[in-house]
2 protein chains.
Amino acid sequence: MPRPRSLTESQIAAAALAVIDRDGLAALTMRAVAKELGMGTMSLYRYVDDREQLEGLVVERVLGAVDTTPPTGSSWRDRLATMVERVRRAVAAHPEVVPLTLTHRQSSPSNLRWAETVLGILTEAGIGGERRVIALRGLVAYLIGAIQLEHLGPLSGAGTRRIAALPAEEFPLMAETGRLAARVSADQEFRAGLAVLLDGLERATGGDGSA
Amino acid sequence: MPRPRSLTESQIAAAALAVIDRDGLAALTMRAVAKELGMGTMSLYRYVDDREQLEGLVVERVLGAVDTTPPTGSSWRDRLATMVERVRRAVAAHPEVVPLTLTHRQSSPSNLRWAETVLGILTEAGIGGERRVIALRGLVAYLIGAIQLEHLGPLSGAGTRRIAALPAEEFPLMAETGRLAARVSADQEFRAGLAVLLDGLERATGGDGSA
DNA sequence: CTCGTACGCGTACCTTGTACGCTGTCTTGC
DNA sequence: GCAAGACAGCGTACAAGGTACGCGTACGAG
């Protein structure tokens with residue numbers, strides 16, 4: 001008996017994401033999203049409780065693009081790397097959303113599915129119990145930290161040049177590091193850092209990373 | 001000949017931090033800080049260009065509390081761990097500031113000094129060139145990621161219980177992990193995750209972590 | 001004592017989130 | 001078909017917060 005809704009959550013998320021991708025995160029306002037949808041500002045509130053929830057929809061849309069099916073073949077190392085890379089790629093497609101993912105990641109169903117798959121791989125690698133808790137947490141910490149460094153950080157892009165230009169008397173190593181960092185792509189850095197972490201996990205298993 | 005200023009940057013940062021610690025990050029407004037300082041709202045603008053800069057002062061005050069002198073003795077592993085722990089402790093003293101550190105860390109002088117010291121330790125550990133870039137970046141990524149997980153994340157505190165309560169049919173491993181995680185303190189988790197990363201660094205050096 | 005600087009601040013405006021209540025429409029029950 | 005009710009869509013309005021503007025005056029230099 002009620003009148004039917006004309007919008008789906010997906011359309012709302014898409015509109016909000018369009019605003020962000022086009023005009024930046026600062027442009028994400030209730031008014032802007034409503035306009036994007038071709039409706040009055042307050043109409044948006046028929047579909048969303050508040051701005052908080054809107055942001056959640058955006059994050060879920062971005063994270064929902066992550067393939068959470070277990071990767072096949074190869075070593076558990078490579079499979080873990082694949083899972084981590086998938087998130088990085090999905091987020092990289094919408095860099096402006098990064099700050100939102102920090103606050104809303106926790107409530108994302110996609111995130112849960114992702115973690116479940118990762119835990120499965122860790123289990124197959126022979127990592128269980130509390131060590132598996134540590135491993136998951138370490139991977140997630142590295143992942144979100146690295147994503148932020150990449151998109152908000154000083155060591156990438158313009159920041160690297162500023163670091164390379166530091167006074168060599170006070171910051172000799174930093175200056176040198178800044179120069180070297182300019183020669184390493186973000187991709188390489190990310191993968192190499194992840195490799196270090198996986199090395200650590202592998203060492204603890206006593207295994208060689210295969211299987 | 002001009003009239004003297006009555007406030008120092010330090011006093012302003014202290015006032016802002018006091019507001020945050022007492023009433024939370026959301027209470028950080030220009031008006032609130034001005035009132036904390038016993039002055040009119042607009043007077044604050046004599047000392048700070050805008051809110052952005054105010055936040056920078058707060059972050060610098062928090063990060064400035066980190067001891068950046070090289071730790072003495074022990075292995076390079078332990079020295080690195082000490083450096084990382086120092087930041088964690090400093091931030092943990094003002095948890096509400098965490099979101100601000102993400103955006104403003106880059107411009108902090110304390111942060112530069114800290115990185116310089118860490119690079120020194122890495123150098124002594126025999127890690128140089130591009131591998132040192134990777135190592136620093138990996139440590140920083142883990143550090144800021146872990147801090148966020150600890151203070152904004154789902155795997156700690158209340159979030160852990162929610163995860164433990166997930167439907168076991170769909171998320172068997174997550175549910176189990178949530179239960180296990182409840183038995184691991186945040187300190188243990190942080191240190192153990194860091195240890196994994198350091199294991200990875202150590203393996204790459206071929207050394208045993210001493211010296 | 002005079003003068004210029006710039007401090008301290010009152011006022012006001014703009015942006016943004018959102019409560020409230022009206023109007024018209026669409027679906028269902030007859 | 002048709003009446004009725006629930007709810008979509010929205011205009012208005014308010015509160016909070018950042019900050020531009022311009023005034024009066026305290027203060028140090030000469």
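This is a predicted model: local features need pLDDT of at least 70, side-chain atom pairs count only at pLDDT 80 or more; totals for chains, interfaces and linings use all residues.
Start with the two chains. On chain A, 48 residues are in contact with 48 residues of chain B. Which elements of chain A give two or more residues to that side? They are α5 (98-104), α6 (109-124), α7 (129-152), α9 (172-181) and α10 (186-205). The most comes from α7(A), with 18 residues. By class, this side of chain A has 28 nonpolar residues, 13 polar and seven charged.

Now the helix pair, α7(A) and α10(A). Two packed helices are described by the angle between their axes and the distance between the axes. Here the axes of α7(A) and α10(A) come within 11 Å, and they cross at roughly 170 degrees. Angles over 145 degrees count as roughly antiparallel, so α7(A) is roughly antiparallel to α10(A). The crossing of these two helices is right-handed.

Who meets whom? From α7(A) we have Arg131(A), Ala135(A), Gly138(A), Leu139(A), Tyr142(A), Ala146(A) and Glu150(A). They meet Ala186(A), Phe190(A), Gly193(A), Leu194(A), Leu197(A), Leu201(A) and Ala204(A) in α10(A). By class, the contact of α7(A) with α10(A) has 10 nonpolar residues, two polar and two charged.

Last, the DNA. How many residues surround DNA strand D? There are 21. The closest are Pro2(A), Met39(A), Gly40(A) and Met42(A), together with Thr29(B). The residues of the surface near DNA strand D divide into nine nonpolar, five polar and seven charged.

Definitions and conventions
Residues are numbered from 1 along each chain as its sequence is written. Chains are lettered from A and ligands numbered from 1 in the order in which they are written. Two residues are in contact if their C-beta atoms, placed from the backbone, lie within 7 Å. Helices (H or I, at least four residues) and strands (E, at least two) are DSSP runs, numbered from the N terminus. Ala, Val, Leu, Ile, Met, Phe, Trp, Tyr, Cys and Pro count as nonpolar, Asp, Glu, Lys and Arg as charged, and the others, Gly among them, as polar. Axes are lines fitted to C-alpha atoms, for helices over the stretch in contact, and angles run from 0 to 180 degrees between N-to-C directions. Angles under 35 degrees count as roughly parallel, over 145 as roughly antiparallel, 65 to 115 as roughly perpendicular and the rest as oblique. A crossing is left-handed if the near helix is turned anticlockwise from the far one by less than a right angle, and right-handed if clockwise. A residue is near a molecule or strand if its C-beta atom, placed from the backbone, lies within 6 Å of it.
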